[in-house]
Amino acid sequence: MGLLTDSEIKITLQGLDGWSVCDKRNAIERHVVFRDFNAAFSFMTAVALKAEKMDHHPEWFNVYNRVEIVLTTHSDGGVTEKDVALANFINKLIKDIKLS
């Protein structure tokens, strides 16, 4: 996997609702608020199962109904197509889950 350029990331993010470039890192991020802890945890479980199949794991932080997600390909030192694929999966999953 090759790193995406800044221009490629910018263009890609136009099609990834809710995602933005992380400050001071070559990564993308999204913050999501769910209706409750169960919805947030169910979401995280579904992402974890997909991430394990992809062998591509997110950095994330969860408090009650909030989940903060950071995607970067550590082995390549930045954003790659793996991150875009996982972000697309996450966005589809979010559409399927009732948010707050």
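The side chains of Arg25 and Glu59 come together in a salt bridge, 2.9 Å from N to O; the term is used for a side-chain nitrogen of Lys or Arg within 4 Å of a carboxyl oxygen of Asp or Glu. This pair ties together distant parts of the chain, with Arg25 sitting in the loop between strand 1 (20-21) and strand 2, and Glu59 in strand 3, 34 residues apart. Helices (H or I, at least four residues) and strands (E, at least two) are DSSP runs, numbered from the N terminus. This is a predicted model, in which local features need pLDDT of at least 70 and side-chain atom pairs count only at pLDDT 80 or more, while totals for chains, interfaces and linings use all residues. Residues are numbered from 1 along each chain as its sequence is written, and side-chain values use heavy atoms, with hydrogens and water left out.

A search of the whole structure turns up two salt bridges. Lys92 and Asp96 make one of them, with their side chains meeting at 3.5 Å, N to O. These two sit four residues apart in helix 3, so about one helical turn separates Lys92 from Asp96. Lys92 is exposed at 54% relative accessibility, and Asp96 is exposed at 56%.

Next, the strands. Pairing is called if DSSP finds at least two bridges between two strands. Strand 4 pairs with strand 2 in an antiparallel arrangement through six bridges; as an example, Glu29 has Val70 of strand 4 as its bridge partner. Strand 4 also runs antiparallel to strand 3 (residues 59-63), this time with five bridges, and here Phe61 stands opposite Glu68. Strands 3 and 4 make a hairpin with two residues between them, and Tyr64 in the turn has a positive phi of about 50 degrees, although Tyr64 is not a glycine. Asp55 is another non-glycine residue with a positive phi, near 55 degrees. Asp55 belongs to the loop between helix 2 and strand 3 and is exposed, with a relative accessible area of 57%.

What about the inside? A nonpolar core is taken as a set of buried Ala, Val, Leu, Ile, Met, Phe, Trp, Tyr and Cys residues joined through side-chain atoms within 4.5 Å. The largest one has 24 residues, of which Trp19, Ile28, Phe34, Phe43, Ile69, Leu71 and Ile90 touch the most other members. Helix 1 (6-13), strand 2 (28-33), helix 2 (37-54), strand 4 (66-71) and helix 3 (81-96) each put at least two residues into this core. Helix 3 is the top contributor, giving six residues. Phe43 shows how things connect: leaving out residues up to four places away in sequence, Phe43 touches Phe34, Val67, Ile69, Ile90, Leu93, Ile94 and Ile97, where contact means heavy atoms within 4.5 Å.

Is His56 buried or exposed? With a relative accessible area of 5%, His56 is buried. Apart from neighbours within four places in sequence, His56 is in contact with Ala51, Thr72, Thr73, Lys82, Asp83 and Leu86.

Nonpolar side chains turn up on the surface too. Phe37, Phe41, Phe61, Val63 and Tyr64 form a nonpolar patch there, with about 500 Å² of accessible area together. Patches are made of residues with over 30% relative accessible area and no salt bridge, with like charges joined within 9 Å and nonpolar side chains (Val, Leu, Ile, Met, Phe, Trp, Tyr) within 5 Å; the areas come from the Shrake-Rupley method with a 1.4 Å probe, and for residues only the protein chains shown count as cover. Helix 2 and strand 3 each supply at least two residues of the patch. Phe37, a helix 2 residue, is partly exposed at 35% relative accessible area. Asn38, also in helix 2, counts as exposed at 56% relative accessibility. Asn38 and Asn65 are 27 residues apart in sequence, with their C-alpha atoms 7.8 Å apart in space.

Definitions and conventions:
Buried < 20%, exposed > 50% of the residue type's maximum accessible area, 1.4 Å probe, protein only.
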